[in-house]
Amino acid sequence: MVFCSTTDESWRKITVYVQPGKTVAFIGSSGVGKTTLINQLMGRNVGATQAVRGSDAHGRHTTTGRELLVLPEGGLVIDTPGMRELSLLNGNFDATFDDIKQLAQQCRFNDCTHTQEPGCAVQAAIQAGSLSEDRLDNYRALLNEATTNQNLRGKARENAKVERMFGSKKQMKAIIKARRKNRR
């Protein structure tokens, strides 16, 4: 189920999960609206939030600690700080993207990349409007991430994450050093 923290009614869908005697934790990337949804469930502002940045339409990392809250109608909710990066270790792509898998079986070539090969059933579905280009892009991105993460272990996975986020360990250390200097 998809929730939107910016619409009045969307947060009401969550109430079926947050009942007396149950505890629910909100987790996700920084700035996605976890605390905004919790504020709506509470009926008042219990956690600080910030507006979405106009420059790139992304949320801002605001929550810095975990907090257990008792909702007015009962039930408990845990607000958590956002995660700067969530990585996929494995996934059931056959179940999640069964529509793409079924279409791929109809492609003319067994090794079809679904980009520009003749007889590609996936591209035909996109052209017909029965499959969105975004869904295929998401499939490719998640499959690539899972493959990359499965090939990396421990320290190598951490190093790859640092390189994706900062470019290199040296750049990461420079950014940390600059932030510490600015806080003084």
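Me: Which residue in the hairpin of S2 and S3 takes a positive phi?

Reply: In this predicted model, the residue is Gly74, whose phi is near 95°, in a hairpin that has 5 residues between the strands.

Me: Which residues of S3 lie on its covered face, and which on its uncovered face?

Reply: In strand S3 (residues 76-79), Val77 and Asp79 make up the covered face, while Leu76 and Ile78 belong to the uncovered one. In a regular strand, side chains alternate between the two faces of the sheet.

Me: Why is the pair of Phe97 and Tyr139 called edge-to-face?

Reply: A search of the whole structure finds 1 aromatic pair. The ring centres of Phe97 and Tyr139 are 5.1 Å apart and the planes stand at 70°; since the limits are within 6.5 Å for the centres and over 60 degrees for an edge-to-face arrangement, the pair is edge-to-face. The two residues are 42 residues apart, with Phe97 in the loop between helix H2 (93-96) and helix H3 (98-104) and Tyr139 in helix H5 (residues 133-151), and both are buried.

Me: What makes Arg135 and Asp99 a salt bridge?

Reply: Their closest N and O atoms are 2.8 Å apart, and the cut-off is within 4 Å, so the contact qualifies. Because Arg135 lies in helix H5 and Asp99 in helix H3, the pair ties together parts that are 36 residues apart in sequence.

Me: Why are Arg135 and Asp99 called partly exposed?

Reply: Arg135 has a relative accessible area of 28% and Asp99 one of 32%; buried would mean under 20% and exposed over 50%, so both values fall in between.

Me: How many salt bridges does the search of the whole structure find?

Reply: The search finds 2, one of them between Asp137 and Arg140, with an N to O distance of 3.9 Å, which is within the 4 Å limit. Asp137 and Arg140 are 3 residues apart in helix H5, and so are separated by about one helical turn.

Methods. Residues are numbered from 1 along each chain as its sequence is written. This is a predicted model: local features need pLDDT of at least 70, side-chain atom pairs count only at pLDDT 80 or more; totals for chains, interfaces and linings use all residues. Side-chain values use heavy atoms; hydrogens and water are left out. Rings of Phe, Tyr and Trp (its six-membered ring) pair if their centres lie within 6.5 Å; planes under 30 degrees apart count as stacked, over 60 as edge-to-face and the rest as tilted. Helices (H or I, at least four residues) and strands (E, at least two) are DSSP runs, numbered from the N terminus. Buried means under 20% relative accessible area, exposed over 50%, partly exposed in between (1.4 Å probe, protein chains only). A salt bridge is a side-chain nitrogen of Lys or Arg within 4 Å of a carboxyl oxygen of Asp or Glu. Two strands pair if DSSP finds at least two bridges between them.
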